[in-house]
Amino acid sequence: MAAETPLESLQEEASCPVCLEYFTEPVTLECGHNFCRACIGQCWVGSTTATSCPQCRETVQQRNLRPNRQLANVVEIAKRLSLQATKGTGGDGVCGEHQEALKLFCEEDQTPICVICRESRAHRAHTVVLIQEAAQEYKENIQAHLKTLREEREKLWGFHVTGEGKRQEYLKQIQTERQKIVSEFQQLRQFLEEQERLLLAQLEKLDEEIVRIQNENVSKLSEQISRLNELISELEGKCQKPASEFLQDVRSTLSRWEKGKFQQPEEISPELEERVSGFSQKTIALLEALRKFKDTLPSALERKRGQPLGTHRQANVTLDPDTVYPQLVLSEDRKSVRWGDTRQDLPNNPERFDTVFCVLGCEGFTSGRHCWEVEVGDRRFWAVGVARESVRRKGRISHNPEGGIWAVECWWGGRFQALTSPVTPLPLSQVPSRIRVCLDCDRGQVTFIDAGDEAPIFTFPPGSIPEERIRPWLWVGDIETRLRLCP
C-alpha cells in the first residue's frame, strides 16, 4: 500500500469519525475527541445526562461541549489545499485532456466531462446532465442510505445499551442470590455442627454412665463369685469328714452359707432406659428430617432455575377458524397453520384478524394451570404465546402486554426475543424447535420452556396477565413458516 501523503493525512485529521466528512461546527468532548456538533447530537438522541464518547466510550457530559475554532480553521485550510491540488492535477474540477471545467456528467460512463468531451465521439450518444444536478441526485440517494444506516446504527446501539443494562441487572441479582445462599448455608452448617456437638456430648454422658454401671456390676459379681468359690470349697471339704467331725459347728456353717447367698447385680434404671430410648427416637427423627431435606433440595433448585411452580394440566388446543387471518390456512384437524397461495374469501366477522397474520386457539382459560406445546421448526418470523379474549382484531395491533399479548418471537436475523415493551433479547445459543407454553391463570403468569431440554426460556412475572379469559395465540410471518400444535 502506498504511503499516505501529507495532504491525505491533513484531510483525515480534518474529517469527523462519525460522518467521515470535513468537520462542520467541530466540538471537543471532555475526553479530547472531536466531532461535528450535529453528528454528536445525533449519537446522543434520547439521552439527557451522562453519555459516552462514540470513539473511546468514556463517559462524558453533554453540556460540556467546547467549540474547537482552531480545528474549524484547519478544516478550511484543508479544503483549500484539496481544491488547489485537484486543479493542479486535472482532477474532478478540470478536464485533464482539454483543461476545461468539468461542468457535465456522463450517465453511461459515470464520469464528469467538459463541454468539449460532450461533443466528442466517445460521449456524443450518451445521456449527459449538469454535474451539479447529477451530484445533487446522487447526494440525495447517498443521504437516504446514510439516514437508513444511521437509524440501524441507533437501533443496534439501543440494543447494546439495553443488553448491557440487563446484563448488569442480572449480574447484580446473581451476586445477591450468591450472598443469600452462602449466608444461609453458613448458618445451616453452624446449626448442624452445634447439633452434632450437642448430640455427641449427650451420647458421651450416656456412654460413661452405662460403662460405670457395667464396671460396678462386674466388680461386685467378681467379689461374690470369689466368696462363693471359698464357701463351696469349705462345704465340699466338710462333707468328706466323718459324721462326728462333720456335725461339729454345722449350724455355724449353714448360717454363713445363708449370709453368702448370691446378690443380683444392679440393673439399668428405668430413667436411664427412658433417656436412651428418647435419645434414639430423637436421633431417628433428626436423621429422617435431614434425609428429606436432601431429597427435596434438587426440586427446590429446579424451581430456582425458573421452572413453573405446581402441576400444569396438558391442554388439547385447537385453532379457531373464526379468528384466522384470511391469508393463513388451517389444517383439517385445526392443529397447524401456514401461509396460503391466495387470500381466502372469508367473512369479515368481528372475531377475525384483518391486518395481523395471526390466529387464536378455540380454548380459553380463566383459572387453573394449563400447558401446551407448539412445534416451530427451523424457520424464522413467527411468534408463540397467549392473548386476552378482548385483544383487538381489526387494524394495527401491538404485540406486547399493553396490546393484550404475551409471547416470544423469532425475528429478522434469527433474533429470539420476548415481546415485552421494549422487547427483551433472549441470549440463547440456539432457537428452540418446540416451545412449551405454561399458563398459570391463578397467579397471572405465563412461562415459556424449551420442550427439547426442559430449559426455561422466559417468564412474564406474576400478575402480568389480567383476570380475563386467556387464549393461545400464534403469529406466522413468513410464507415458508408452519406452526403445529403438538399432541
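Keep in mind that the model is predicted.

**Strand E14 and its partners**

Let's start with strand E14, which covers residues 382–388. Six of its seven residues are buried, so the rest of the structure largely encloses this strand. E14 has a partner in strand E15 (residues 405–410), and the two run antiparallel, joined by six bridges. E14 also pairs with strand E21 (residues 470–476), again in the antiparallel sense, over seven bridges.

Gly385 is a handy residue to look for here. In E15 its bridge partner is Ala407, while in E21 its bridge partner is Trp473.

Next up are strands E19 (residues 445–450) and E20 (residues 456–460), which pair in the antiparallel sense. Here are the strand pairs side by side:

| Strand pair | Sense | Bridges | A bridge partner pair |
|---|---|---|---|
| E14 and E15 | antiparallel | six bridges | Gly385 and Ala407 |
| E14 and E21 | antiparallel | seven bridges | Gly385 and Trp473 |
| E19 and E20 | antiparallel | four bridges | Thr447 and Thr459 |

E19 and E20 form a hairpin with five residues between the strands, and there Glu454 takes a positive phi near 65°.

**Cysteines without disulfides**

How many disulfides does the model have? The count comes to zero. Cys117 is in no disulfide: the nearest cysteine sulfur belongs to Cys114 and is 3.5 Å away, whereas a disulfide needs the two sulfur atoms within 2.5 Å. For Cys106, the closest cysteine sulfur is the one in Cys117, and at 9.9 Å that is too far for a bond.

Are these two cysteines buried or exposed? Cys106 is buried, with a relative accessible area of 0%. Cys117 counts as buried as well, at 9% relative accessibility.

**A buried lysine**

Last stop: Lys335, in the loop between strand E10 (328–330) and strand E11 (336–339). Lys335 is buried yet has no salt bridge. Which side chain of opposite charge is nearest to Lys335? That is Glu363, 7.0 Å away, while a salt bridge calls for a nitrogen and a carboxyl oxygen within 4 Å.

Lys335 does have a polar contact, though: its side chain meets the side chain of Asn316 at 2.6 Å. Leaving aside residues up to four places away in sequence, Lys335 touches Asn316, Val317, Thr318 and Leu319, along with Leu483, Arg484 and Leu485.

Notes
Residues numbered from 1 in each chain as written. Predicted model: local features only at pLDDT ≥ 70, side-chain atom pairs only at ≥ 80, totals over all residues. Heavy atoms only, no water. Pairing = 2+ DSSP bridges. Buried < 20%, exposed > 50% of the residue type's maximum accessible area, 1.4 Å probe, protein only. Lys, Arg positive; Asp, Glu negative; His and termini not counted. Polar contact = N/O pair within 3.5 Å; in protein donor to acceptor, adjacent residues only side chain to side chain. Contact = heavy atoms within 4.5 Å.
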